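Keep the sequence and the structure side by side as you read.

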Amino acid sequence: MRVALAQFAASTDPAGNLARVREFATEAAARSAELVVFPEAAMSSFARPRAEAAEPFDGPWAGGVRTIAADLGVTIVAGMFTTTDTPRVRNTLLVTGGAEARYDKLHLFDALGYAESRQIEPGSRPVTFDLAGHRVGLATCYDVRFPGLFTHLAALGAELVVLPASWAPGEAKLHQWRTLVTARAMDSTSFVVAVDQSVPPAVATGPAPTGIGHSLVIDPSGTVLLELGEDDELAVVDLDLSAVAAVRERLPVLRHAVPLPPLD
């Protein structure tokens with residue numbers, strides 16, 4: 001499977017970000033990519049209140065992404081915010097093109113002095129989709145700190161997990177990003193394609209978008225196949241997903257996992 005990583009810094013303008021999605025997806029299609037992965041919050045950066053940006057899953061922004069995917073003959077994964085029947089919204093991954101799926105972020109970033117749950121309502125279930133004869137799992141940003149999600153996706157048959165992110169900067173955060181993405185590939189013996197927002201332009205006042213770049217592709221044995229820098233960039237990588245079965249046969253950690261009793 002030829003996969004494109006579309007690393008960019010989203011603005012607070014959904015229309016402008018949709019134009020960037022078309023720009024990157026067009027280049028990816030010209031380079032024969034089948035799957036194009038964009039960051040978390042590609043619709044609108046975290047610098048804007050989530051409820052202001054949120055739209056229905058069948059609203060105009062998602063419809064625009066669907067049109068792009070159909071026009072170009074690619075499958076797109078892109079982060080957006082979707083409305084609910086409460087004041088909070090969902091942090092959603094839209095999958096459209098050769099497959100159609102929706103994943104609402106399960107693990108909310110209530111950590112390091114931040115509370116994502118003030119504006120975001122969590123999802124309720126893991127999600128996979130099938131593309132070109134292979135199964136792909138979905139995860140978002142803070143989900144990477146929870147190995148059980150990745151092993152569960154592998155148990156559902158995922159050979160590749162895509163991980164859009166808007167990774168906040170800070171002390172040791174780049175080290176944590178690299179380590180966690182690599183560990184989750186090894187935990188699940190799956191390929192992991194992790195696409196972060198690039199480092200955003202400096203802002204004089206108000207909240208800043210979040211991203212450190214360094215999007216990654218890791219193979220099932222933990223080898224780093226690709227790491228981008230800090231700037232906007234499109235990269236394309238060919239993944240032999242049929243190799244996952246051989247890795248899992250040689251290193252059957254998923255079969256060897258022992259069910260543990262619940263905590264008291």
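Is Thr 189 buried or exposed? Thr 189 is buried, because its relative accessible area is 0%, and the cut-off for buried is under 20%. Keep in mind that this is a predicted model. Thr 189 sits in the loop between α5 (173-188) and β11 (191-196). Its backbone is worth a look. Phi of Thr 189 is positive, about 40°, although the residue is not a glycine.

Now find Ala 41. Here too phi is positive, near 60°, in a residue other than glycine. Ala 41 belongs to the loop between β2 and α2. The residue is buried, with a relative accessible area of 0%.

Ser 44 lies in the loop between β2 (35-37) and α2 (50-53). It counts as buried, because its relative accessibility is 0%. What does Ser 44 touch, not counting residues up to four places away in sequence? The list is Ser 11, Thr 12, Pro 14, Asn 17, Ala 53 and Phe 81.

Step back to the whole chain. It holds seven helices and 14 strands. The radius of gyration is 17 Å, close to the 18 Å that the globule rule gives for 264 residues, so the chain is as compact as a globular protein of that length. Along its principal axes, the C-alpha trace spans about 50 × 50 × 35 Å. Of the 264 residues, 53% are buried. Contacts also reach along the sequence. Take those between residues at least 6 apart: 68% of them join residues at least 24 apart.

Next, the surface. The accessible surface comes to about 11,200 Å². Carbon and sulfur atoms account for 55% of that area. As for charge, there are 21 positive and 31 negative side chains. The centres of the two sets lie 3 Å apart.

Turn to the interior. In soluble globular proteins, nonpolar side chains tend to be buried together. In this chain, the largest nonpolar core has 46 residues. Leu 35, Phe 129, Leu 160 and Val 193 touch the most other members. Apart from this core lies another, of 26 residues, among them Phe 24, Ala 28, Phe 38 and Trp 61.

Leu 160 shows how the contacts are made up. Leave aside its neighbours within four places in sequence. Leu 160 is then in contact with residues including Met 1, Leu 35, Val 193, Leu 239 and Leu 241. Its contacts also include Arg 135, Val 136 and Gly 137. Ser 190, Phe 191 and Val 192 are on the list as well.

Phe 150 comes next. Where does Phe 150 lie? The residue is in helix α4 (residues 147-155). Phe 150 is buried, with a relative accessible area of 0%. Beyond its neighbours within four places in sequence, Phe 150 contacts Ala 139, Asp 143, Val 144, Val 161, Leu 163, Arg 184 and Ser 188.

Finish at Pro 261. This residue lies in the segment after α7 (253-256). Is Pro 261 buried or exposed? Pro 261 counts as exposed, because its relative accessibility is 65%, and the cut-off for exposed is over 50%. From Pro 261, look across to Gly 63. The two are 198 residues apart in sequence and 45 Å apart in space, C-alpha to C-alpha.

Note on methods:
Residues are numbered from 1 along each chain as its sequence is written. This is a predicted model: local features need pLDDT of at least 70, side-chain atom pairs count only at pLDDT 80 or more; totals for chains, interfaces and linings use all residues. Side-chain values use heavy atoms; hydrogens and water are left out. Helices (H or I, at least four residues) and strands (E, at least two) are DSSP runs, numbered from the N terminus. Buried means under 20% relative accessible area, exposed over 50%, partly exposed in between (1.4 Å probe, protein chains only). Contact means heavy atoms within 4.5 Å. The radius of gyration is taken over C-alpha atoms; the globule rule is 2.2 Å times the number of residues to the power 0.38. Accessible areas come from the Shrake-Rupley method with a 1.4 Å probe; for residues, only the protein chains shown count as cover. Lys and Arg count as positive and Asp and Glu as negative; His and the chain ends are not counted. The place of a charge is taken as NZ of Lys, CZ of Arg, CG of Asp or CD of Glu. A nonpolar core is a set of buried Ala, Val, Leu, Ile, Met, Phe, Trp, Tyr and Cys residues joined through side-chain atoms within 4.5 Å.
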